[in-house]
Structures are given as C-alpha cells and as structure tokens.
Amino acid sequence: MTVSIPQGAATGPEPVDRAVGQRLRSLRRARGLSLEAVASSTGLSIGFISQVERGLSSPSLRVLALLADTLQIGIGGLFEPGPDAPDPDPIVVFRKDRPELQLWRAGITKQLLTPPGGAQGMSLFHMVLKAGASTGDELFSHDGEEAGLVLEGRLTLVVEARTLQLAEGDSFRFESRRPHRFSNPDQRGRTVVLWVNVLGPASSAQN
C-alpha cells in the first residue's frame, strides 16, 4: 500500500521539520539509497518522502519508524549529533546537551539520553506527551524491542488487540514487530515516560 501526503500536512516548513528532513536525506544519501528504493521498501510515496526530506511535511512516529528500518538504524539514529567536537568515546549525555526530536503535530517530544551516533543498538529516551497527544489511530511496527516506565501521568498502550492503561510507576516491554500505538488519555495533564528502544542482533549488526 502506498501512503500519500496527509491532507493539510504540508503547511511548513517548520524549523524542526527541516532539521529532521535534512537528517533523513543525509542518512539516505550516505547509504546510497534513491528515493525510489526507500519508497519501495517503506510503501510510502516518493512525493511524500521528498516532502519530508525538504521539511514540507511533518512525519509521524510511524513514518519515522519505517524510514529508520529502511536506513538500518534505530529511532535514536535520527537524532543529529551536537555541534561540539565529537567525543571519540561517548559515554555521558549531559542534560544541557540532550538531542531532541519534536513530533509537534502529535504533541510528543523525545529527548535522546544515550550518546547519538555509533551502532545505535540501544537508545534511551525521555518522552513527554502533551495532554491528549497520540501516535495516531493506526498501529505501526518496526525492528527491535522496547520497554518503558511511566514517570508521570497516564499512558494508553495498544499492542495488537490489547489496550493497556498504565499509570505512574507502571512499566512495559514488548517486541516492536508487534503492531502498536500509544497516547496520553489525559486531556489536561502531560505524560512522561522513560522509553527504551533496542535493535535485535541482526538489525544492529547491519549498522
């Protein structure tokens, strides 16, 4: 199935969309992949991918997961390393230096807590969902495994046919290939989740 540009999606470019688009284009070209090859792998239309790369369309988390799989990286690999000179042995990410990815249409902000770059076998995120924020009604899947801990608020997690309601202190784990989605059911307060994405051995070996 081909996914076309959502109605009203191209209303930018927003600075955050331009940054994400430039990162995706850079990663695609570094791997020698054409727009046609990415479209064939993801089921997204060439026009939509081009719009995303130019910052004219804001990609959903589902779209980013599809692109990350095709580029053989985890979601953490989509974060651009900081402007400072790269640490040859990155171990620590100081709070002031956290790379951030804003999915502003969805109301979700992800901060990468593990050093960007490298194999991206495991990525740890500080994720904030605004009141009513959601990844959308459509389930999505990608490579790897994920787990998390709700630090604040409530989280609705749908994995295949199961709808799970989590509160502060509740945690989860599931294979990312199981279709899933999540949202903040609270229309007044935010949700904060410590979220982990781990690529499987076969995926991480290709990075």
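Me: Which residue stands opposite Ile108 in β3?

Reply: Please keep in mind that this is a predicted model. In β3, the residue opposite Ile108 is Leu129.

Me: Over how many bridges do β3 and β9 pair?

Reply: β3 and β9 pair over 8 bridges, in the antiparallel sense. One example is Ser123, whose bridge partner in β9 is Asn197.

Me: Which strands form the open sheet of 3 strands?

Reply: That sheet has the order β6-β5-β8, again with antiparallel pairing. β6 (162–167) and β8 are its edge strands, each with a single partner strand, so one side of each is left without a neighbour in the sheet. The twist in this sheet averages 20° from one strand to the next. Strand β5 (residues 154–159) pairs with β8 over 4 bridges in the antiparallel sense, and the bridge partner of Val159 in β8 is His180.

Me: Let us turn to the helices. At what angle do α2 and α4 pack?

Reply: For a pair of helices, one reads the angle, the distance and the handedness. Helix α2 (residues 35–42) packs against α4 at an angle of about 115°, and their axes are 10 Å apart. The two helices, α2 and α4, are therefore roughly perpendicular to each other. The crossing in which α2 passes α4 is right-handed.

Me: How does one find empty space inside a structure?

Reply: When a probe the size of a water molecule is rolled over the atoms, it shows where empty space is left. In this model, a search of the whole structure finds 4 cavities of 30 Å³ or more. The largest cavity holds about 100 Å³ of space. It is lined by 18 residues, of which Gly74, Ile75, His142, Asp143 and Leu199 are the closest to its centre. The elements that give two or more residues to this lining are α4 (61–70), β3 and β9 (191–198), and α4 supplies the largest share, 3 residues.

Me: How do the residues of the lining of the largest cavity divide into nonpolar, polar and charged?

Reply: The lining of the largest cavity has 7 nonpolar, 8 polar and 3 charged residues.

Me: Which residues line the second largest cavity?

Reply: The second largest cavity, with about 80 Å³ of space, is lined by Leu61, Ala65, Ile75, Lys110, Met127, Phe140, His142, Glu146, His180, Phe182, Trp195 and Asn197. Two or more residues of this lining come from each of α4, β8 (180–183) and β9. By type, the lining of the second largest cavity divides into 7 nonpolar, 3 polar and 2 charged residues.

How values were computed. Residues are numbered from 1 along each chain as its sequence is written. This is a predicted model: local features need pLDDT of at least 70, side-chain atom pairs count only at pLDDT 80 or more; totals for chains, interfaces and linings use all residues. Side-chain values use heavy atoms; hydrogens and water are left out. Two strands pair if DSSP finds at least two bridges between them. On a 1 Å grid over the protein atoms alone, a cavity is a set of points where a 1.4 Å probe fits but cannot get out, and a pocket is an open set with protein on both sides within 12 Å along at least five of seven lines; lining residues have an atom within 4 Å of a point. Grid points are joined across faces, edges and corners, and a volume is the space filled by probe spheres set on the points. Ala, Val, Leu, Ile, Met, Phe, Trp, Tyr, Cys and Pro count as nonpolar, Asp, Glu, Lys and Arg as charged, and the others, Gly among them, as polar. Axes are lines fitted to C-alpha atoms, for helices over the stretch in contact, and angles run from 0 to 180 degrees between N-to-C directions. Angles under 35 degrees count as roughly parallel, over 145 as roughly antiparallel, 65 to 115 as roughly perpendicular and the rest as oblique. A crossing is left-handed if the near helix is turned anticlockwise from the far one by less than a right angle, and right-handed if clockwise.
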